[in-house]
Amino acid sequence: MRHGLGPYLAGKRGDSGQARLARSLRTALEEGGVTFVKLGQVLSTRADLLPAEFIDELSLLQDRVAPVSADAIDAVLRAEFGAAPQDVFAEFDTTPLASASIAQVHRARLRCGADAVVKVQRPGVRAQVELDLDIVHRLARTLESRTSWARSLGVVDLADGFARALSEELDFRVEARNLATVAAASGGHLPDAAVRLPLPHESTERVLVMERLDGVPLRKAAAVPDPAGAARELLHCLLRQVVQRGVFHADPHPGNILLLSDGRLGMLDFGSVGRLDTSLRTGLQDLLLAIDRGDAAALRDGLLSVVERPAEIDERKLERALGGFMATHLQHGSEPDITMFTDLFRLVTSFGLAVPPAIAAVFRALTTMEGTLARLSPGFDIVLESRSYMAARVAGPAAVAGARDLVTGELMAMLPVLRRLPRRLDRISGALEEGRLSVNVRLFADERDRALVTGLLNQVILAFIGATAGIMGVLLLGSAGGPRLLGETTLYQGIGYNLLLISALIGLRLLFTVFSRAREVPGTPRRHR
């Protein structure tokens with residue numbers, strides 16, 4: 001309201017122009033704190049959703065948040081290092097190079113003479129984040145308890161994943177480890193790497209000292225020597241991190257990408273890193289390859305291997321829906337774009353499939369990367385290039401070596417099972433010959449069966465109580481005994497009226513339950529309401 005957004009929050013149009021409204025939104029998000037600045041950073045990469053005035057204004061949240069005072073930064077450095085900045089570094093510039101939601105970066109020179117940057121956490125950020133995350137958790141629990149679409153999306157799990165990621169960003173020691181891991185996954189420390197990653201020198205919980213990459217943020221770059229080639233290398237770097245090592249930069253917005261002085265690109269800010277285990281990586285590869293081949297059945301199998309599927313799902317119907325999805329986005333003559341992933345998410349949630357936070361982080365990174373690549377090389381097709389990368393990876397020598405290693409590993413894992421198999425077969429045949437072979441069956445072992453029986457029993461008990469209350473109410477109304485309360489109404493008749501009211505309420509409750517369940521046809525996925 002203070003920034004002039006009140007009419008828009010009430011569904012009305014204000015009298016301010018686009019540029020002024022965008023500036024008001026940016027200042028409101030900045031004042032809201034860390035979580036809202038993060039939201040603005042994500043929105044700044046979505047040129048397909050917002051006008052250019054909003055993109056330009058929200059892009060300032062990537063590295064131009066209002067900086068804190070030099071005295072506050074000095075206090076943090078003294079608390080972490082136990083000495084003043086001039087005693088720790090040979091040089092330290094109090095004017096920040098960049099200032100973002102969680103930290104700001106300062107230029108420095110180490111005692112050994114190497115150029116470095118010092119990332120210092122903004123004072124009071126942790127308390128603000130804890131408050132924001134408490135709001136997020138309470139909102140997620142409320143939505144999941146009251147709405148079916150929130151339960152199908154698993155918003156509590158998504159909130160937990162967001163909270164873990166944001167909490168990790170507050171510990172710069174985690175970022176230093178992330179930086180080393182991602183660099184190993186993508187070869188970013190090598191001198192000839194197409195996309196450079198800085199080397200960490202020293203880290204504490206609130207301060208990270210790392211190598212300085214000589215360049216400017218991508219959004220400030222005047223011109224890129226080979227835009228298409230640079231965009232391709234940046235996308236390949238992210239895809240290698242995702243599908244080969246399972247550790248990837250989860251927030252590659254333009255403020256985190258540098259155009260280096262030699263024409264190459266650099267990647268910064270590894271506080272937000274996604275991680276995929278082996279099974280999720282394999283399923284994600286199968287999903288991307290199925291999209292490349294246009295195979296609806298393979299796409300269904302790959303999708304079900306990476307999402308949390310409900311107890312019941314119509315796989316044939318899901319396959320037909322995926323076939324229609326590919327016919328819409330991958331038919332000849334159509335240009336696939338990032339909206340394909342948005343439509344895939346909508347299809348997934350319509351079938352009640354919950355996307356794990358790790359997979360959600362992959363698509364969030366790809367969506368953010370699409371906005372970055374559009375700024376780097378307008379017209380660059382992220383989907384087509386991703387398909388080409390996956391096809392080359394499957395058909396190339398590395399894929400053959402990887403398949404050979406996979407088969408060898410699977411055979412080695414099966415050897416202990418194969419050694420025990422003859423003894424187990426001998427025990428089973430012996431028990432069968434002697435009549436000792438038995439099978440244990442536990443009734444109501446499945447939680448769904450127990451829930452069904454419990455629900456039926458509750459309904460029967462409720463119906464019995466309602467009928468009993470109604471009968472007793474009728475009998476008491478026909479009785480003239482007991483002391484008089486009002487006029488001709490006796491105490492027994494008053495109790496009878498109350499029992500009839502209770503019986504009617506119980507009956508209405510049972511009717512509501514019956515008709516609400518009748519609307520949910522068994523075997524069909526739960527839809528958004």
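1. Two strands are taken to pair if DSSP finds at least two bridges between them. Strands (E, at least two residues) and helices (H or I, at least four) are DSSP runs, numbered from the N terminus. On these terms, E1 and E2 form a hairpin, with 3 residues between the two strands.

2. Basis of the note. The model is predicted: local features need pLDDT of at least 70, side-chain atom pairs count only at pLDDT 80 or more, and totals for chains, interfaces and linings use all residues. Residues are numbered from 1 along each chain as its sequence is written, and side-chain values use heavy atoms, with hydrogens and water left out.

3. Overall content. The protein chain has 21 helices and 13 strands. Of its 529 residues, 41% are buried (under 20% relative accessible area; exposed is over 50% and partly exposed in between, with a 1.4 Å probe and protein chains only). A contact means heavy atoms within 4.5 Å. Among contacts in the protein chain with a separation of 6 or more, 64% are between residues 24 or more positions apart.

4. The sheet. An open sheet is formed by 5 strands in the order E1-E2-E3-E6-E5, with antiparallel pairing. Its edge strands, E1 (91-99) and E5 (200-203), each pair on one side only. From one strand to the next the twist averages 25°.

5. E1 pairs with strand E2 (residues 103-109) in the antiparallel sense over 5 bridges, and Glu 91 has Arg 109 in E2 as its bridge partner.

6. Aromatic side chains. The structure holds 2 aromatic pairs, where rings of Phe, Tyr and Trp (its six-membered ring) pair if their centres lie within 6.5 Å; planes under 30 degrees apart count as stacked, over 60 as edge-to-face and the rest as tilted. The Phe 81 and Phe 89 rings are edge-to-face, because their planes lie at 75°, with the centres 6.2 Å apart. The Phe 89 and Phe 92 rings are stacked, because their planes lie at 20°, with the centres 5.7 Å apart. Phe 81, Phe 89 and Phe 92 form one aromatic cluster. Phe 89 is buried, with a relative accessible area of 3%.

7. H12 against H17. The axes of helix H12 (residues 227-245) and helix H17 (residues 357-376) come within 10 Å and cross at roughly 170°. Axes are lines fitted to C-alpha atoms, for helices over the stretch in contact, and angles run from 0 to 180 degrees between N-to-C directions. H12 is therefore roughly antiparallel to H17 (over 145 degrees; under 35 is roughly parallel, 65 to 115 roughly perpendicular and the rest oblique). Residues making the contact include Leu 234, Leu 238 and Val 242 of H12 and Leu 366, Met 369 and Leu 373 of H17. By class, this contact of H12 with H17 has 14 nonpolar, 1 polar and no charged residues (Ala, Val, Leu, Ile, Met, Phe, Trp, Tyr, Cys and Pro count as nonpolar, Asp, Glu, Lys and Arg as charged, and the others, Gly among them, as polar).

8. H11 against H12. The axes of helix H11 (residues 172-186) and H12 come within 9 Å and cross at roughly 95°, so the two helices H11 and H12 are roughly perpendicular. Val 182, Ala 184, Ala 185 and Ser 186 of H11 meet Cys 237, Arg 240, Gln 241 and Arg 245 of H12. The contact of H11 with H12 has 4 nonpolar, 2 polar and 2 charged residues.
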